[in-house]
Amino acid sequence: MTSVRYTALKLIIPISVLIGILSLLFYFNTAGSQQFTVQISASKTPLDIPFLAQKHHLTDSIIELKSENWYRYVVGNFESRSEASKYAGKIARQNGLSGAFPLEVISGNPVQEQKKDSAMHTEIAAVTTDSSSLTNKNTENSAIPDSNKNQENKKLKKKSNSIFLWMFGDKNVLELKKDLIVYGNKHIPLFLRKFYVQVIEKAYDYPIILLFIFLISIFILNILLALLVLYYSNQQKNKKERYIRIYNNLYEKVLQSYLFGEIDWDKALIKLKRIKKPLNRKILTSVLFNFQENLRGGMDTQIPEIFEKIGLQHDAIKSTKSSSYFNKVQGIRELTNLYPEGAVEIIRDYLNDPNDLVRAEAQTSYIILHPDKPFEFFRTLTRPFTRWTQLSAFYLFRLHQLPIPSFVDYLNSEHPNVRNFSLRMIIYFQQLENATEIIKMLESKPERTRFFSIRAINDLRLDEGKELIKKKYSEETENNKLEIIKALKNIGQTDDFDFLESIIQSGSVSEKTEACRSLYFMNKEGMERINFMKQYSNLEIGKYVAHITDPRN
Amino acid sequence: MAEDNKLILETIAHSLTREGYEMIKALDGKECLKILEDIDVDLIITDLYMPSINGHEVISILRDERKKNTPILVLSAAGAEENVLKAFELGADDFMVKPFSLVELNVRVRKLLAMKR
């Protein structure tokens with residue numbers, strides 16, 4: 001499956017390239033890259049970042065950096081010291097963080113700022129790590145005036161958070177969040193760290209984002225799994241095909257040598273390796289089938305002999321007993337071609353099988369195996385004789401020049417499709433014997449049987465049927481009426497002119513057209529009659545004559 | 001010989017080689033025509049329904065352009081009257097329907113080669 005390979009390559013290559021680029025960026029970023037940030041706090045023990053943000057009314061994400069047993073809390077990411085200083089000044093004015101100072105970060109590690117050490121210590125006392133104190137701090141800070149919008153946002157976040165906490169347990173959730181942030185601080189490049197922390201914060205504020213992230217991950221995993229499975233299946237399939245090809249070639253060579261008399265059977269049996277394995281037996285059967293399908297003469301008897309010697313007929317019989325219709329059909333076909341004596345009895349059970357394909361195969365096999373009486377199974381048929389089997393039977397007769405039975409014998413079948421098929425065969429093979437039986441079919445209930453009967457009377461020129469079809473004209477369907485009119489072209493005479501004229505005067509357009517055609521081409525007198533009508537009647541006969549005499553029609 | 005069924009191609013080639021003929025094999029019509037561009041043969045055996053170019057086209061091309069006098073024997077499972085007639089109209093010299101007898105094939109090949117001589 002080149003499409004699987006291609007799909008896998010399509011995904012794997014870009015992913016690998018992306019990973020490579022990210023790794024390089026990470027490497028370049030962490031290997032000696034210089035960045036600046038602003039430190040707002042530090043502690044010997046980890047602090048609660050949401051609390052810090054709330055306390056100082058900071059909207060930017062606070063990132064935790066660990067160095068030399070200190071936990072430093074920084075905000076912002078700047079290319080130069082001056083930018084960082086500007087920002088430090090701003091948050092000192094706006095947020096009351098007078099101790100904030102710029103901090104240089106190289107390869108993700110803060111560079112100790114000597115003159116600002118005192119600023120680190122001043123912040124320690126103000127902070128606590130206990131998460132339960134969050135609510136206390138919240139009440140402490142409730143005196144700080146907030147806009148209504150901020151309050152609503154906070155309520156919403158609290159609500160989402162509480163649902164999340166309820167679902168997964170507060171302690172585990174907060175632990176996980178802390179662990180994720182710590183992980184990010186340690187391993188994510190600085191330029192991505194802010195985004196990463198923002199994502200974590202947002203995910204915890206709005207759990208649905210987490211759900212989406214989870215679902216997307218599952219989706220990607222499933223795709224990868226499916227690709228793996230497809231790839232593996234493809235490999236297995238290729239392996240099997242190679243195996244079949246190898247043994248197919250081997251068996252062909254050995255059987256060819258045996259059939260041409262170059263080696264004897266014992267030697268051939270030794271060379272036919274692994275014929276006890278089911279797959280190899282199938283391969284061997286297909287090779288024998290290929291020979292039998294294409295070759296006749298001396299090999300006609302040799303190939304079934306080989307089939308029996310190896311015991312492959314048991315496999316074929318087993319296939320016919322399978323629940324799968326495909327195996328049944330395969331088994332019937334193998335038995336018919338390679339084990340004809342045994343097949344005769346076995347296929348009788350399938351002549352009325354409920355599955356159309358099995359039934360068709362069994363019936364076709366019956367025709368092949370009973371060349372003297374190929375349609376005797378009509379007498380015991382309980383299910384329809386399908387169109388496909390009719391075509392197959394017809395093809396067999398034409399191609400293999402089988403002796404043609406007398407289809408008149410099957411006209412009294414209770415199955416309309418058997419009668420119809422028989423009538424068609426009678427017409428094709430021009431079986432004129434027993435015209436009365438054919439004419440009797442005019443009384444059949446099914447319209448299609450009457451149709452073929454009329455056609456048979458026409459094609460076989462059964463004059464004795466003419467009066468009867470004229471009599472039945474008025475009761476017939478439109479199709480059959482047209483067929484009757486057409487029949488009169490071949491079997492009609494001058495005493496039928498009035499009948500045709502009455503149709504020209506009162507019939508439908510199709511009936512009029514066919515009646516004109518029949519009359520015109522019946523004989524010379526018919527042509528004269530039409531020309532007379534053309535001149536003296538007001539039935540627009542001219543148009544009909546122009547139509548029927550146009551060679552395109 | 002042009003035949004897309006590898007087993008039958010090998011079998012016929014084997015049979016005719018044993019009779020003393022030199023066989024050149026082709027798995028489809030296109031390959032057959034390509035071979036015949038460079039080599040002159042005494043007899044062409046072709047199937048009708050093959051991949052790329054079918055037997056009718058092969059006969060037509062050979063009779064139009066190149067091998068006007070080389071006998072062509074058609075060997076096909078498509079033995080319906082219209083196929084047989086079409087093959088003869090296009091210039092085939094003989095037609096055998098599959099399944100066929102190798103003995104009969106040998107006899108027909110011998111006859112066609114004798115006629116050519």
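**Loops, strands, cores and confidence**

Trainee: How many other C-beta atoms lie within 10 Å of S52(B)?
Mentor: A residue is buried if 20 or more other C-beta atoms, placed from the backbone, lie within 10 Å of its own, exposed if 12 or fewer, and partly exposed in between. S52(B) is partly exposed, because its count is 13.

Trainee: What pLDDT do local features need?
Mentor: Residues are numbered from 1 along each chain as its sequence is written; chains are lettered from A and ligands numbered from 1 in the order in which they are written. This is a predicted model: totals for chains, interfaces and linings use all residues, side-chain atom pairs count only at pLDDT 80 or more, and local features need pLDDT of at least 70.

Trainee: Where does S52(B) lie?
Mentor: Phi of S52(B) is positive, near 60 degrees, and the residue is not a glycine. Helices (H or I, at least four residues) and strands (E, at least two) are DSSP runs, numbered from the N terminus. S52(B) lies in the chain B loop between β1 (44-46) and α3 (55-66).

Trainee: In which loop is R461(A)?
Mentor: R461(A) also has a positive phi, about 55 degrees, without being a glycine. It is partly exposed, with 14 other C-beta atoms within 10 Å. Its place in chain A is the loop between α20 (447-459) and α21 (466-471).

Trainee: Which residue is the bridge partner of I63(A) in β3(A)?
Mentor: Two strands pair if DSSP finds at least two bridges between them. Strand β2 (residues 62-67) of chain A and β3(A) pair in the antiparallel sense over six bridges. In β3(A), I63(A) has as its partner V74(A).

Trainee: Which residues touch the most other members of the largest nonpolar core?
Mentor: A nonpolar core is a set of buried Ala, Val, Leu, Ile, Met, Phe, Trp, Tyr and Cys residues joined through C-beta atoms within 7 Å. The largest has 55 residues, and those touching the most other members are V287(A) and L288(A).

Trainee: Which residue of chain B is in contact with V287(A)?
Mentor: Two residues are in contact if their C-beta atoms, placed from the backbone, lie within 7 Å. Beyond four places in sequence, the contacts of V287(A) include N248(A), Y251(A), E252(A) and L255(A). The partner from chain B is L7(B).

Trainee: Which element gives the most to the side of chain A that touches chain B?
Mentor: The contact takes 12 residues from chain A and 15 residues from chain B. In chain A, the elements giving two or more residues are α9 (207-259), α11 (278-294), β6 (295-296) and α17 (387-400). With four residues, the one that gives the most is α11(A).

Trainee: Which residue stands opposite L295(A)?
Mentor: β6(A) and strand β4 (residues 100-101) of chain B run parallel, joined by two bridges. In β4(B), the residue opposite L295(A) is F100(B).

Trainee: Which residue is joined to K98(B) by a cis peptide bond?
Mentor: Omega of this bond is about 0 degrees.

Trainee: Which residue is the bridge partner of L75(B) in β3(B)?
Mentor: Strand β2 (residues 72-76) of chain B pairs in the parallel sense with strand β3 (residues 94-97) of chain B, over four bridges. In β3(B), the partner is M96(B).

Trainee: How many contacts does the model have for residues 26-32 of chain A beyond four places in sequence?
Mentor: Mean pLDDT of chain A is 82, and 82% of its residues reach 70 or more. Where pLDDT is low, the predicted coordinates should not be read in detail. Over residues 26-32 of chain A pLDDT stays under 50, and the number of such contacts is 11.

Note on methods:
pLDDT = per-residue confidence, 0-100.
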